[in-house]
Amino acid sequence: MDVAELVVDVAVVGLGPGGEAVATKLAQAGLSVAGIESRLVGGECPYYACVPTKGMIRAADVLAEARRVPEFAGTAQITPDWGKVAARVRDEITADWNDQAAVDRLEAAGVQVVRGLARITEPGVLAVGDQVVRARRGIVLNPGTDPAVPPIPGLAGTPLWTNRDAVRATAVPESLIVIGGGPVGCEFAQVFARFGADVTLLQANDRLLPLDEPEASALLAERFAAERIAVKTGAKITSARHDGQLFTLELDGAEPVSAAQVLVAAGRKSDMTELGIGAYGLDESARGVTVDDHMRAADGLWAIGDITGKGAFTHMSMYQSAIVASDILGEAGPGAEYHAVPRVTFTDPEIGSVGLTEAAARAAGINVRVGVAQLSSSTRGFLHKAEGLIKVVEDADTGVLVGATSAGPTGGEVLGALVVAVHAKVPVDQLRRMIYAYPTFHRAIESALADLRA
């Protein structure tokens with residue numbers, strides 16, 4: 001039987017936000033493009049991650065704000081209804097996990113969408129099921145990642161949740177164990193707790209959000225304690241079992257914990273062997289693909305997104321996609337810069353950060369000065385009775401910020417000013433001379449700058 005063959009200028013493997021963006025730009029520039037996707041076109045973000053989870057968080061935040069009515073404004077009766085959340089996620093946010101709108105959008109731009117799992121068989125050639133795709137100019141890899149389930153004895157084969165299952169939840173479990181204290185685990189823990197679940201979070205590290213500033217971790221831990229979310233740090237899970245009703249996790253040196261549901265939020269994984277990057281002489285045992293500042297992994301091969309190891313963020317793959325498209329089209333342009341990568345954990349308090357933490361800056365040999373301002377000491381923080389902080393990290397030798405954290409109400413939005421400062425390397429002396437609107441949360445940046453010291 002003859003094998004169907006598709007010949008195009010460029011093949012894009014993985015149609016998450018970055019893959020969709022680069023495929024669209026190249027097609028609109030007149031190239032023939034095949035976009036290959038084995039799952040939902042649009043990627044993890046719009047169906048199982050960034051977008052639906054923020055819808056869930058919005059609902060949980062509304063509940064939390066309503067519960068503060070007696071503190072500020074009178075009385076209120078609140079009755080949580082997860083059915084409204086589940087319906088909005090299903091019908092309004094994910095279109096019942098239907099990607100037809102994304103497919104239509106790509107095809108309207110001139111991209112030929114190919115369904116299936118792609119594997120590189122030789123440079124410029126991909127096998128997608130029974131079809132062969134030949135890419136004359138090259139291949140762009142954007143395969144994304146899958147949830148990783150830790151090899152805990154007894155856990156495999158149980159009806160555990162990953163983020164993909166939690167987003168589809170039609171009911172809130174009576175009790176929930178969250179494995180993992182990074183952004184995903186913390187966000188889900190707070191959402192389900194605010195809707196009535198008895199939540200225990202198990203974190204192997206010694207604190208929540210270990211990649212963020214310890215002050216931000218402590219702030220979130222205090223909030224979790226106030227909301228009766230049990231956090232066990234330094235937790236080593238030795239085994240798991242499910243009896244048909246309850247999960248029970250055994251812990252090294254501590255009492256076991258049980259709950260009706262377990263949610264695993266312990267990182268992501270990708271399979272380089274499945275992708276076939278060895279055809280380009282690349283190491284298939286590696287966790288990702290090494291690229292240069294124009295996202296080139298080899299001659300005729302580019303990679304963007306999670307597998308480049310520059311941050312598993314939608315905004316990173318989108319940023320990299322523009323660089324790849326320009327490179328393929330022969331347009332002169334700057335390479336990627338990663339000194340001011342922003343990231344936000346959408347808990348309450350919301351924690352945004354950019355660039356280096358204090359610890360990372362010191363490890364890099366930078367002569368560090370640090371400034372911290374508490375939101376509760378600002379007028380806006382006082383009015384809102386809000387906890388939070390601004391932390392800035394300065395390279396004292398150059399007089400510019402190399403990192404910053406904004407934690408508190410709308411912390412990710414306040415971060416915007418700090419991202420500009422770190423990205424553009426605005427001198428601290430100039431930042432001090434700015435006019436900061438009063439009374440705002442962002443005015444605390446001025447106080448943090450005033451606090452800068454070695």
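Guide: Let us start with Pro-439, which sits in the loop between helix H15 (428-432) and helix H16 (444-450); helices here are DSSP runs of H or I with at least four residues, strands are runs of E with at least two, and both are numbered from the N terminus. This is a predicted model, in which local features need pLDDT of at least 70 and side-chain atom pairs count only at pLDDT 80 or more, while totals for chains, interfaces and linings use all residues. Residues are numbered from 1 along each chain as its sequence is written, and side-chain values use heavy atoms, with hydrogens and water left out.

Visitor: Is the peptide bond from Tyr-438 to Pro-439 cis or trans?
Guide: That bond is cis, with omega near -10°.

Visitor: Switching to phi, what is the value for Trp-97?
Guide: Phi of Trp-97 is near 55°, which is positive in a residue other than glycine; Trp-97 is found in the loop between helix H5 (82-93) and helix H6 (100-109).

Visitor: Is Trp-97 buried or exposed?
Guide: Trp-97 is buried, at a relative accessible area of 10%, where buried means under 20%, exposed over 50% and partly exposed in between, using a 1.4 Å probe and protein chains only.

Visitor: What about Thr-410?
Guide: Thr-410, although not a glycine, has a positive phi of about 50°, and its place is the loop between strand E22 (400-408) and helix H14 (411-423). Thr-410 is partly exposed, with a relative accessible area of 42%.
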